[in-house]
Amino acid sequence: MDDARYWRSVVNAIVSLIDEGTFNISKEGISLKAMDPSGISMISFSMPNKAFSKFNVEKTTPVGLNLGNLSKFLDRSRDGEQLVMKDAGNQIELTFVGQNSKRKCTLPMIDAGKDPEKEPKIDFESRVELKSDSLREVLKDVTLVSTYANFKTDKNFFLVTGNGDAGKLEEEHLDSADMIKKLDVKKATSATFNLEYLERIVNGCPSDTTISLSLKNDEPIRIDYMIGEASFIYYLAPYLES
Amino acid sequence: MDDARYWRSVVNAIVSLIDEGTFNISKEGISLKAMDPSGISMISFSMPNKAFSKFNVEKTTPVGLNLGNLSKFLDRSRDGEQLVMKDAGNQIELTFVGQNSKRKCTLPMIDAGKDPEKEPKIDFESRVELKSDSLREVLKDVTLVSTYANFKTDKNFFLVTGNGDAGKLEEEHLDSADMIKKLDVKKATSATFNLEYLERIVNGCPSDTTISLSLKNDEPIRIDYMIGEASFIYYLAPYLES
Amino acid sequence: MDDARYWRSVVNAIVSLIDEGTFNISKEGISLKAMDPSGISMISFSMPNKAFSKFNVEKTTPVGLNLGNLSKFLDRSRDGEQLVMKDAGNQIELTFVGQNSKRKCTLPMIDAGKDPEKEPKIDFESRVELKSDSLREVLKDVTLVSTYANFKTDKNFFLVTGNGDAGKLEEEHLDSADMIKKLDVKKATSATFNLEYLERIVNGCPSDTTISLSLKNDEPIRIDYMIGEASFIYYLAPYLES
């Protein structure tokens, strides 16, 4: 990989939701599907072999790793370093190659559960495309009053609300608003989600990236974005008031 | 209000001292008088109607609010947003109006005690005008040795001292010093104040603002500054060694 | 002293290792030798009289100080302030002289043990000169996996390794690497050191400074650097696996 920092941003997007996971490494590329430990959200990640400057895989291998530790190593990458990842038996070798310096980290492989999860099939009724940074700010606003955020879409607006002891918050963004890239509403929708999980998913997304939210009444939300060639899909179960 | 950030700096100056308070809203403007819960300091704030781009008040109303929560909402204001504040029955609506986006916070009104406090009448004997940032630095210095600061004024200097186990600190600023804007001494004065309260009052004041200290021997200090058209007066009881 | 900040960086380099110490002040200059409380490292500091813009010492005096408190005072120095240090009986007076402002701190002298420690005599077999910032980064890397770092030198490389539950780290820097200024190896060496102490010593060194490491198999490391005219020598005992 020509730029160690790219792989770092990819791993950070995964580690925002899960701490351990199994990469599935095949000739086509790398993928990972996992649920977070609480079971209310899942991530489906894939990255094609062409995203790597050299990709040399003979047989399909599952590689279970402590992603928290992997992420800490990657956070230490320096400007202009190349990254070489190598399967070395029951461990993974990361080598950061700089100018006449070589930094090698070896991580033990772990058993993080190998069965790929199935993605839910939902016939979504509306879709909002917006800037990652703007969505992050909206979610921060809502944390002032609640631990849940309600997302509503209608013909020409996207509405986010929260409610709690400290007060009530209601943010209306017209389809013509700066932060909205696209608003596609077949049917008006409303669903409420755990704010902490929304924030973890959105915080994994780099700045200045387009995020897509797919919604259906009281159904899981699907959140999509790309980091370069790598694709990230998250699902988060709705909060249903009883 | 054309600039939500202006109202934010006003509220931050109040919230540095008290966490709940009652705004008195009349045709003339907004005012607030309150003592901090410990009873050793008070704030008297007023802001004329002309400080608002539109001010529409029919009858005098007391509006009790959790100022800590209000301040958190205002901290979330974005560049270039207008702010509309509205009395909506037993709650206050703050609407931040941006480009095709509208963010509305609703805060419940609370009973924060309505009786305006009387300001102490003191015949001050000296007055120091100085830069807020410089005073902040002086107070930070004194925290290294003590939890109290003594302020002395004399013909041509302003002296701040602190004393404790770690050592002694003595800062002499001549009337010609950069940080001193004006020194007006009818009679030399000396008084000692709780450093935490001094810091809270001074920290509420924006950068690059002139602060005025009025002093009399072993009497409360009066601290004045303006943020735009809004006027802030604080009183802080002296610490008297027994 | 024309620049209070210079003396601040000198004291910060000492305080990174010890919290109390005795300066030995003689006609020739100031020096200090001390072991850290755990006894596994020592510092030998000296600064010639010519490093001061005015140096007026009549008789050799030991000055024991709480260096932590001294450092806090020095951290509060402002741009362009001169510093005057004066022995005032059983206390030390630091005066920061600015434009028509004078800030005076008085620190009590303490008894911090007066006997100068002897420096160990070691016939080192290799020496590495490298940039302080690069070494800091290398040590940070190693903290991800261990609380110890092994330093190895050989003909043409300097190798740092760490080992722990989270994985293994190995950093190889050729003598031609950017961060290596000079590599002088009479004999290949290997020794392991407590990472916390290494970090404390190296963190005391300003940015963009050359650090020299002198090594011998399983013997204490000697770490040298200069801040202006002031010379710092540290020794740190090796960690020997039993």
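Helices (H or I, at least four residues) and strands (E, at least two) are DSSP runs, numbered from the N terminus. With that in hand: chain A has four helices and 16 strands. One caution before we go on. This is a predicted model, where local features need pLDDT of at least 70, side-chain atom pairs count only at pLDDT 80 or more, and totals for chains, interfaces and linings use all residues. Residues are numbered from 1 along each chain as its sequence is written, and chains are lettered from A, ligands numbered from 1, in the order in which they are written.

Chain A overall. Its radius of gyration is 19 Å, close to the 18 Å that the globule rule gives for 242 residues, so chain A is as compact as a globular protein of that length. That radius is taken over C-alpha atoms, and the rule is 2.2 Å times the number of residues to the power 0.38. The C-alpha trace spans about 55 × 35 × 35 Å along the principal axes of chain A. Buried residues make up 37% of the 242. Buried means that 20 or more other C-beta atoms lie within 10 Å of the residue's own; exposed means 12 or fewer, partly exposed is in between, and C-beta atoms are placed from the backbone.

Now contacts. Two residues are in contact if their C-beta atoms, placed from the backbone, lie within 7 Å. Take contacts in chain A between residues at least 6 apart in sequence: 66% of them join residues at least 24 apart.

How are the chains related? Chain B can be laid on chain A with an RMSD of 0.0 Å, by a turn of 120° and a shift of 0.1 Å along the axis. The two copies are thus related as by a three-fold rotation axis. For chain C on chain A, the RMSD is 0.0 Å, with a turn of 120° and a shift of 0.0 Å along the axis. The superposition is by least squares on the C-alpha atoms of residues with pLDDT of at least 70 in both copies.

Next, the interfaces. 16 residues of chain C are in contact with 14 residues of chain A. On the chain C side, helix H3 (132-143) and S11 each supply at least two residues. Which element gives the most there? S11(C), with eight residues. Turn to chain B: 14 of its residues are in contact with 16 residues of chain A. Helix H2 (67-75) and strand S7 (101-108) of chain B each supply at least two residues of that side. The largest share, eight residues, comes from S7(B).

Strands pair if DSSP finds at least two bridges between them. Eight bridges join S10 (157-164) to S11 (167-174) in chain C. There, C:Leu159 has C:Glu172 in S11(C) as its bridge partner.

Last, helix H4 of chain C. C:Tyr197, C:Leu198, C:Ile201 and C:Val202 are buried in H4(C). Seen down the helix axis, these buried residues fall within an arc of 125°, so they line one face of H4(C). The arc is that of the directions from the helix axis to the C-beta atoms.
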